[in-house]
Structure formats: C-alpha cells, structure tokens
Amino acid sequence: MANALINAPKTAKRGDTIEIKALILHPMETGFRPGTNGRMIPRNIIEHFSARWNGEEIFAMTFSPAIAANPFVSFFTVAKESGKIDFLWTGDEDFRVTESVAITVT
Amino acid sequence: MRLRYLGLALVSIFVASWAAAQSGGGDQRRTGYQDMSAPLQQMEDDDTANPGMLFVQAGEILWNAPAGKANKACADCHSAVDKSMKGVAARYPAFAKDTDTLVDLDGRINLCRTGQQQADALKPESQDILALSAYVTRASRGLPIAPPADPRLVKVRAEGEVLFKRREGQLNLSCANCHDDNAGRKLAGATIPQGHPTAYPVYRSEWQTVGSLQRRLRNCMIGMRSEPYAYNSAEYVALEAYLMDRAKGLKIESPGIRP
C-alpha cells in the first residue's frame, strides 16, 4: 500500500509563482535502529523525489535517513503552460510511486 | 493619543478574552487540539498536509475492496460512508446489535469482517484496521461525541471510571492523577491534556504513524511503569467507554495530529 497526497492549484495565471505540496506514506526506516530481536532493521528509505511539468524537471531532491516518516515536501515553481505535473518517488526495496495532477495555465 | 487608544483597545480585548476563557460557559473541558501549537493545528486542519489522511485514503480502498470467503466489501452492505457511517464513531464503544458483545469501533469492524465477510480479524494496530477505522471515523468529523443510552453501558463506564482512578504501576499513579488533577500543567515540558479522545485514530509525530486510543492508553500505562492490558481486553474497552462518556458533546476531530 502506497499512497500520496498532492496539493497543487488546479488553475494558475501565466508567470505566477505557485506552491506545490506533496505528502507520501513511507516508514523511512533509517537502518540504524535495532529491532526487538536486537538485530538491525535494514534501511528502507525514499532515495529520490522529482516533479516534472510536461516532462521538464521542475524540482528534485535526494532524501537522507534523517528525514522523518511520511515525508512532506513543499516547493515553489513558476506557471508556464497548461498540462500535467508528474511526481515520482523512488527508494529502497524497489519503492516506486508515481502520481500526477493536471493544471490549467491561462 | 492614538497609541493610548490602541493600548486601551488591546487591554479591553485581553480582558474580554480572559473573561471568556475563565467562564467558558461552565464547561471547563479542553481538547488536546486547543493546547497544540498553531503549526500543528494548521497541519491537522489541512487535509493535504495531514498525514492521517493517507490512512483515510487507504481506508477508502479497503472499504470498497471485496474480502473473505463471502467476497463482500464493506460498501456492498453499507451505503456511501458519508451517509451510512455518519456519527457512528461518535457512539462507540457500544454493545453490538442484538448481542451481549461489547466492542469499540475497531472491534465492530472486526465483527463485520469475521461475521459478514468471513475473513480473518484484522490484527490490532495493523495498518488495515487503522485505515478502516480512520476512514469510518472521518465520516463523523465535527459531530459531537454521543455515547448511546444503553443501560448496560452504565456498569461498563463505572468499571472504566474505577480503572481511571485506581493507582497502579511502580510509580503508583492513576490516570486521574494527571488528567483530572493536574491537567493543563506541565509534565517534562509538555502540557498535560485532559485526556478527551476526540482525535482518535490519531497521527502522533512521536509514533510517526497513526495509532488507536488503546495504543495511547498502553503508552500511558508503560509511562507509569504498569503492565499494559492485552489489546482489545475488557479493561481497555471499559476505559474507552468511560473516556467517551467523559468527553460527551466534544467534537470528533479524527484524524487528529498530536505531538
């Protein structure tokens, strides 16, 4: 089960600065914690997050083990053209989640 | 001159709000929400920033997914959740219809699973039970807690009250020592809440996940060096019944956020 919540405006004026927020369900296990049996729990984190506007990358970040569970990312971008914003999270244990939202620029 | 008026206005606003806070219409009850910092309150109120909503979303998928030997989904018997489940979470714990089985909301969901769907009961605190319970409770958001008038519940609540007020554990504390006698004061830098279960299932940043009221009770019991009850034990359900009655009329805010 992997799910994400995206908060982005549905419409924007050309040239406007808009804020986009992305929240995803993930344990972000650091790899530095022993489990109840005393053995280390293997690392399981999101390694990379990116956002593409009609295929062009507008934001990307690399995650570290110090980031808390269910990471919430907020960033700003300038509205240029109508289309689709694609979000991609990738990480340990073949974690891969995509999500997209449509936006109309007038 | 202007400054003096401003000062006067500020003083009168302060006095008015202080008076309002003191009287409070006779109801001195406060929920943890009111004692949280503004950023946390905003996080709870914004559905796209509230991580509890991830569980609500997952619950919606489970609600509509057929399960068990009967191959039935919750949605097959119950209509849309905002109609059929409205106010339901505000009533539990209660006796399951036509039986003598006392259940909280999670227990009720599991009764449906084993009875109607003929599936295995979901494990306590598993992601699936929390997701379903968050989804169902969400339909009661903003509604007042309304425990049913079932006469059998009077005894249960009384048992819960005894447990709430009984000292136990190596620290020899009762729930009431903190949440009745010292609510609003500080414990290790955190404000002690009055302990009204309005936000459950709740997303606690300390847990980094959603948890049930039973997990929260277990948490307190470990804190007072007492041996926690087993999940779904009669003691927890009695405590839940007492707490819900104590918080009668307060509004459900699940999925809540707590530090």
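## A three-stranded sheet in chain B

Two strands count as paired if DSSP finds at least two bridges between them. With that in mind, look at chain B of this predicted model: an open sheet of three strands runs in the order E6-E5-E7, with mixed pairing. At its edges are strand E6 (209-211) and strand E7 (256-258) of chain B, each of which pairs on one side only. From one strand to the next, the twist averages 35°.

Strand E5 (residues 202-204) of chain B pairs with E6(B) in the antiparallel sense, over three bridges. Here B:Arg204 stands opposite B:Thr209 in E6(B). Helix H10 (residues 213-223) of chain B packs on the sheet, where it touches E5 and E6 of chain B. The direction of H10 makes about 90° with that of E6(B).

## Two nonpolar cores

The largest nonpolar core has 32 residues. Which of them touch the most other members? They are B:Phe55, B:Trp63, B:Met85, B:Tyr92, B:Leu105 and B:Leu132. Helix H3 (52-64), helix H6 (105-115) and helix H7 (127-138) of chain B are the elements that give two or more residues to this core. H7(B) supplies the largest share, six residues.

Apart from this core lies another, of 25 residues, including A:Ile20, A:Phe49, A:Ile85 and A:Val97.

## Aromatic rings

Over all chains, a search of the whole structure finds nine aromatic pairs. Why is the pair of B:Phe164 and B:Tyr242 called tilted? The ring centres of B:Phe164 and B:Tyr242 are 5.2 Å apart and the planes stand at 55°, so the pair is tilted; edge-to-face would need planes over 60 degrees apart, and stacked under 30. This pair links distant parts of the chain, with B:Phe164 in helix H8 (residues 152-165) and B:Tyr242 in helix H11 (residues 234-246) of chain B, 78 residues apart. B:Phe164 is buried, with a relative accessible area of 4%, and B:Tyr242 also counts as buried, at 10% relative accessibility.

B:Tyr229 and B:Tyr236 make an edge-to-face pair, 5.4 Å centre to centre with 85° between the planes. Both of these tyrosines are buried. In chain A, one aromatic cluster is formed by A:Phe49, A:Phe59, A:Phe75, A:Phe87 and A:Trp89. Chain B also has a charge over a ring at B:Phe95: B:Arg152 lies over its face, at 4.2 Å from the ring centre.

## Antiparallel strands in chain A

Strand E7 (residues 83-91) of chain A runs antiparallel to strand E4 (residues 46-53) of chain A, and seven bridges join the two. In this pairing, A:Ile46 stands opposite A:Gly91 in E7(A).

E7(A) is also joined to strand E8 (residues 95-105) of chain A, again antiparallel, through nine bridges. Here A:Thr90 stands opposite A:Arg96 in E8(A). What do E7(A) and E8(A) form? They make a hairpin with three residues between the strands, and A:Glu93 in the turn has a positive phi of about 55°.

Notes: Residues numbered from 1 in each chain as written. Chains lettered and ligands numbered in written order. Predicted model: local features only at pLDDT ≥ 70, side-chain atom pairs only at ≥ 80, totals over all residues. Heavy atoms only, no water. Core = buried A, V, L, I, M, F, W, Y, C linked by side-chain atoms within 4.5 Å. Buried < 20%, exposed > 50% of the residue type's maximum accessible area, 1.4 Å probe, protein only. Helix = DSSP H or I, 4+ residues; strand = E, 2+ residues; numbered from the N terminus. Phe/Tyr/Trp six-rings, centres within 6.5 Å; stacked < 30°, edge-to-face > 60°. Lys NZ or Arg CZ within 6 Å of the ring centre and 35° of its normal. Axes fitted to C-alpha atoms, helices over the stretch in contact; angles between N-to-C directions. Contact = heavy atoms within 4.5 Å.
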